[in-house]
Amino acid sequence: MKSEEFQREYQKVSDRLFTFLLRITGDSEEARELLQEAVLRGYRGRHTFRQEADFSTWLYRIAINIWKNQHIKSAREQDYLQQVRTVPERNTPTPEEIFGRREMGQELDRALEVLEEKYRIPLLLKHMEGFSYREIGKMLGIEENAARVRVYRARHAMRAILEEVSA
Amino acid sequence: MRAQELSEAHRFLDGELSAPETERFKELMERKPDIARYVNQIRDIDSSINSYETVKAPPVNFPSPAFSGITNLLTVRWRIPAVPAAAAALLFLALTIRVLLPTGTVMSDYQQTSLRLVYFSKAASTVSVVGSFNGWEREIQLLPREDSGYWVTQITVPPGEYSYAFMVDGNARVADPTANSFVEDDYGSKNSVVRVGI
């Protein structure tokens with residue numbers, strides 16, 4: 001893939017990808033850095049992109065891999081219900097501040113934030129990005145049916161967290 | 001709720017049930033309000049996530065080919081392994097001293113090695129090669145040897161181990177079938193590996 005072609009394809013998915021990264025990181029500065037690194041890595045590896053593949057699936061996969069490697073033992077995955085009650089302080093704008101949403105949004109955002117990583121990412125890919133289970137499986141390096149089960153479990157856990165929060 | 005009902009609820013929400021299954025599930029929801037409530041709650045969650053607004057991405061700095069090495073150093077400086085970084089610094093120092101030293105001072109020359117790459121295809125219109133020898137930044141064209149089907153290029157590189165792949169007709173990426181070893185990159189593609197001068 002040529003440099004200009006990469007940049008053209010990137011422009012088509014840039015806003016969506018950044019929004020997705022904001023959601024999985026929960027921090028605008030971290031999302032910005034992750035975007036920069038994912039795009040740079042994709043750009044440098046653009047010759048490895050196979051034309052028959054989907055560009056957005058490929059670039060999302062790179063970004064997710066970087067994120068997973070950085071946060072493989074994230075504290076988010078431990079005792080998430082406790083974190084619902086004690087949200088860490090931040091120096092950079094939160095997604096809520098950026099998105100300006102205040103209705104069901106805040107509780108949903110908080111629940112998403114504390115949802116286990118392996119469920120949060122497929123859930124966002126499915127319902128925020130509209131990817132199919134097959135595409136999600138490819139991005140996460142898992143079988144299509146495993147991606148489907150993770151989304152089911154993610155929804156189930158989100159419901160439980162929201163009920164816990166509102167109780 | 002039973003596991004089967006849970007699974008059907010999610011398949012119903014995804015529109016993956018067949019028409020008769022959908023009808024049966026709707027009847028089930030009428031009979032069991034807890035299932036209907038569950039489905040509505042999950043549907044609310046799905047649609048709320050779906051309605052997230054898209055945020056404008058900040059500008060990204062693409063490396064220009066001429067300065068890509070410098071850009072990469074600046075961007076991922078904390079990821080550079082210590083040993084190659086130290087080797088690069090020593091090399092730079094050695095070259096600097098070499099330039100500054102008065103004529104006649106004996107220094108060992110910085111060794112360069114020739115690497116000849118050959119690809120065979122009678123059907124190809126263009127063949128180029130990309131590889132770690134230039135940071136995967138630039139395609140190097142191979143030249144056809146008349147109508148023989150052989151495409152050849154010769155480049156000069158420092159001794160070392162390099163991974164590379166051929167680009168056939170601009171987009172088909174092919175590992176060198178004659179290479180002795182191969183490696184899979186971060187993106188799932190197979191590259192050939194060659195060792196020169198070591």
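Reader: Thanks! How do H1(A) and H7(A) lie relative to each other?

Author: H1(A) and H7(A) are roughly antiparallel to each other, a label for angles over 145 degrees, while under 35 counts as roughly parallel, 65 to 115 as roughly perpendicular and the rest as oblique. Before we go on, this is a predicted model, where local features need pLDDT of at least 70, side-chain atom pairs count only at pLDDT 80 or more, and totals for chains, interfaces and linings use all residues. Residues are numbered from 1 along each chain as its sequence is written, chains are lettered from A and ligands numbered from 1 in the order in which they are written, and side-chain values use heavy atoms, leaving out hydrogens and water.

Reader: Good to know. At roughly what angle do the axes of H1(A) and H7(A) cross?

Author: Helix H1 covers residues 3-25 of chain A and helix H7 residues 117-127 of chain A; their axes come within 10 Å and cross at roughly 150°. Axes here are lines fitted to C-alpha atoms, for helices over the stretch in contact, with angles running from 0 to 180 degrees between N-to-C directions. The helices themselves are DSSP runs (H or I, at least four residues), as are strands (E, at least two), numbered from the N terminus.

Reader: What about H3(A) and H7(A), how far apart are their axes?

Author: Those axes are 13 Å apart, and the two helices pack at an angle of about 160°. That makes H3(A) roughly antiparallel to H7(A). Tyr60(A), Ile64(A) and Trp67(A) of H3(A) meet Glu117(A), Ile121(A) and Leu125(A) of H7(A).

Reader: Which way do H3(A) and H8(A) lie to each other?

Author: H3(A) and H8(A) are oblique to each other. Helix H3 (residues 55-70) and helix H8 (residues 133-140), both of chain A, have axes that come within 8 Å and cross at roughly 45°. This contact has 4 nonpolar, 1 polar and 4 charged residues.

Reader: Changing topic: how many aromatic pairs are there over all chains?

Author: The count comes to 13, where rings of Phe, Tyr and Trp (its six-membered ring) pair if their centres lie within 6.5 Å, and planes under 30 degrees apart are stacked, over 60 edge-to-face and the rest tilted. One of them joins Phe6(A) and Tyr43(A): the centres are 5.5 Å apart and the planes at 80°, so the pair is edge-to-face. Phe6(A) sits in H1 and Tyr43(A) in helix H2 (residues 28-44) of chain A, so the pair ties together parts that are 37 residues apart in sequence.

Reader: Nice. And over in chain B, in what order do the strands of the open sheet come?

Author: The 3 strands run E1-E5-E4, with antiparallel pairing; strands pair if DSSP finds at least two bridges between them.

Reader: Which strands stand at the edges?

Author: Strand E1 (113-120) and strand E4 (143-144) of chain B do, each with a single partner, so one side of each has no neighbour in the sheet. E1(B) is joined to strand E5 (residues 150-157) by 8 bridges, and E4(B) to E5(B) by 2. In E5(B), Val152(B) is the bridge partner of Val118(B), and Leu143(B) also stands opposite Val152(B).

Key
Ala, Val, Leu, Ile, Met, Phe, Trp, Tyr, Cys and Pro count as nonpolar, Asp, Glu, Lys and Arg as charged, and the others, Gly among them, as polar. Contact means heavy atoms within 4.5 Å.
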